[in-house]
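The stops below are meant to be taken in order.

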Amino acid sequence: MRRAAFAVAAGAMAVSLAACGSAKESGGGASKSTDTKKGDAIKVGLLLPENQTARYEKFDRPLIEKKVSELTNGKGKVVYANAKQDATLQSQQVETMITNKVDVLVVDAVDAAAIKNSVQKAHDAGIPVVAYDRLAQGPIDAYTSFDNVTVGKTQGEALLKALGSKAKSGKIVMMNGSSTDPNAAQFKAGAHEVLDGKVKIGKEYDTKEWKPENANSNMEGAISALGKKNIVGVYSANDGMAGGIITALKAAGISDVPVTGQDAELAGVQRIVAGTQYMSVYKPYAPEAAAAAEMAVNLAQGKSLDSLAKDKVDSPTTKGVPSVLVAVTSLTKDNIKDTVIKDGVYTVADICTAQYKAACAKAGLK
């Protein structure tokens with residue numbers, strides 16, 4: 001896989017395809033509902049995993065709803081539910097969607113393995129399933145996400161750049177995501193590929209449920225175990241956890257330690273401007289959401305995915321899943337203008353609140 005940086009207007013829905021994945025034939029097969037073509041009056045079930053991370057309610061949901069409406073001349077309906085980080089609740093939500101006879105499901109799994117039986121039930125009911133952002137197990141029909149190994153590599157490369165000659169002068173802490181999220185394993189693999197042998201990893205954690213408070217507790221434990229003078233950097237898999245990590249660092253009197261992140265959350269961008277967080281990974285949600293909506297509508301209407309999904313990805317249960325993989329960008333203080341501001345994700349006013357006015361002026365954000 002190769003890393004490509006691009007920016008896309010948040011209002012635009014053009015889909016970027018990044019070459020990656022397996023060239024094997026799909027083993028998932030088509031769901032029964034693809035046998036009969038439907039019109040525009042379709043029902044798309046959308047199941048998102050949690051509401052602690054800002055992206056899902058602010059970006060993913062409205063972008064998918066808007067694109068489905070555009071593709072169906074305003075006749076398509078999105079039926080929405082959020083699992084609030086509860087895998088059991090999400091399974092129940094799938095059952096409800098099946099009972100309500102949605103035409104297609106878009107699922108961002110809380111637990112990629114636990115959702116397997118629910119995906120099978122949807123498949124058996126003739127409802128195609130698009131795995132969104134996380135590669136769910138079971139007979140899924142399509143998948144869209146970012147190049148997740150490259151995300152981890154991007155974070156690792158940024159951390160090495162920030163550390164410079166200090167890379168081996170102390171130890172880093174690795175704060176990975178939840179063990180139930182296959183993306184977290186890919187982020188971790190990409191980061192290790194870059195960091196192993198170039199830094200000393202003092203402590204490493206898989207953070208339960210991606211929660212900032214759990215990252216905070218883990219970081220407190222790492223500081224206690226390693227000693228605050230011995231920590232030179234922190235790999236954080238996302239911005240929410242970075243916030244918890246930075247709170248622990250501040251409480252221990254540790255400053256000037258680079259911390260990575262992901263998702264370009266507003267709070268993360270503000271910390272980057274202030275200098276307490278070194279970087280984030282900007283993942284343009286518009287093309288990911290557009291890909292999910294287009295694949296969902298095509299599947300519901302019995303159309304081919306060949307013109308949309310140029311890639312193939314293997315899950316633990318299904319080979320050659322038609323996929324769209326979107327490229328990412330390393331977000332630092334130097335390119336905030338050219339990424340999240342240019343793309344309309346945030347305005348300068350959003351970022352530069354009273355608390356960050358001086359830092360924004362220094363960073364040239366006016």
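**Before you start**

This is a predicted model, in which local features need pLDDT of at least 70 and side-chain atom pairs count only at pLDDT 80 or more, while totals for chains, interfaces and linings use all residues. Residues are numbered from 1 along each chain as its sequence is written, and side-chain values use heavy atoms, with hydrogens and water left out.

**Stop 1: the whole chain**

Show the chain as a cartoon. It has 12 helices and 12 strands. Helices (H or I, at least four residues) and strands (E, at least two) are DSSP runs, numbered from the N terminus. The chain has 366 residues, and 57% of them count as buried. Buried means under 20% relative accessible area, exposed means over 50%, and partly exposed is in between, using a 1.4 Å probe and protein chains only. Among contacts (heavy atoms within 4.5 Å) with a separation of 6 or more, 75% join residues 24 or more positions apart.

**Stop 2: helix α7**

Select residues 239-251, which form helix α7. How far apart are its end C-alpha atoms? They are 18 Å apart, which agrees with the span that 13 residues should have at 1.5 Å a residue. The expected span is 1.5 Å times one less than the number of residues.

Now colour α7 by accessibility. Because 10 of its 13 residues are buried, α7 is largely enclosed by the rest of the structure. The buried residues include Asp239, Met241, Ile245 and Leu249.

Look at both ends of α7. At its start, a side-chain oxygen of Asn238 comes within 3.4 Å of the backbone nitrogen of Gly240. After the helix comes Gly253, with a positive phi near 80°.

**Stop 3: α6 against α7**

Show α6 and α7 together. Their axes come within 7 Å and cross at roughly 40°. Therefore α6 is oblique to α7. Axes are lines fitted to C-alpha atoms, for helices over the stretch in contact, and angles run from 0 to 180 degrees between N-to-C directions. Angles under 35 degrees count as roughly parallel, over 145 as roughly antiparallel, 65 to 115 as roughly perpendicular and the rest as oblique.

The crossing of α6 and α7 is right-handed. A crossing is right-handed if the near helix is turned clockwise from the far one by less than a right angle, and left-handed if anticlockwise. Show side chains where the two helices meet: residues there include Ala215, Met219 and Ile223 in α6, and Gly244, Ile245 and Ala248 in α7.

**Stop 4: α8**

Move to α8, where the buried residues are Gly268, Val269, Gln270, Arg271, Ile272 and Val273. They pack against α7, β9, β12 (329-331), α11 (348-351) and α12 (357-362). Just after α8, Gly275 has a positive phi of about 90°.

**Stop 5: Ser280**

Select Ser280 in strand β9. Is Ser280 buried or exposed? Its relative accessible area is 0%, so Ser280 is buried. The side chain of Ser280 reaches the backbone nitrogen of Gln262 at 3.3 Å. Leaving aside neighbours within four places in sequence, the residues in contact with Ser280 include Asp239, Ala264, Ile272 and Ser330.

**Stop 6: two residues with positive phi**

Most residues other than glycine have a negative phi. Select Ala264, in the loop between α7 and α8; its phi is positive, near 50°. At 2% relative accessibility, Ala264 counts as buried. Then select Glu209, in the loop between β7 (201-206) and α6. Glu209 also has a positive phi, of about 60°, and at 26% relative accessibility it counts as partly exposed.

**Stop 7**

Go to Asn51, in the loop between β1 (43-48) and α1 (54-71). Asn51 is partly exposed, at 41% relative accessibility. Lys84 is 33 residues away along the chain, yet the two C-alpha atoms are separated by 5.9 Å.

Finish at Ser307, in the loop between α9 (285-300) and β10 (311-313). Ser307 has a relative accessible area of 57%, so it counts as exposed.

How values were computed
Polar contact = N/O pair within 3.5 Å; in protein donor to acceptor, adjacent residues only side chain to side chain.
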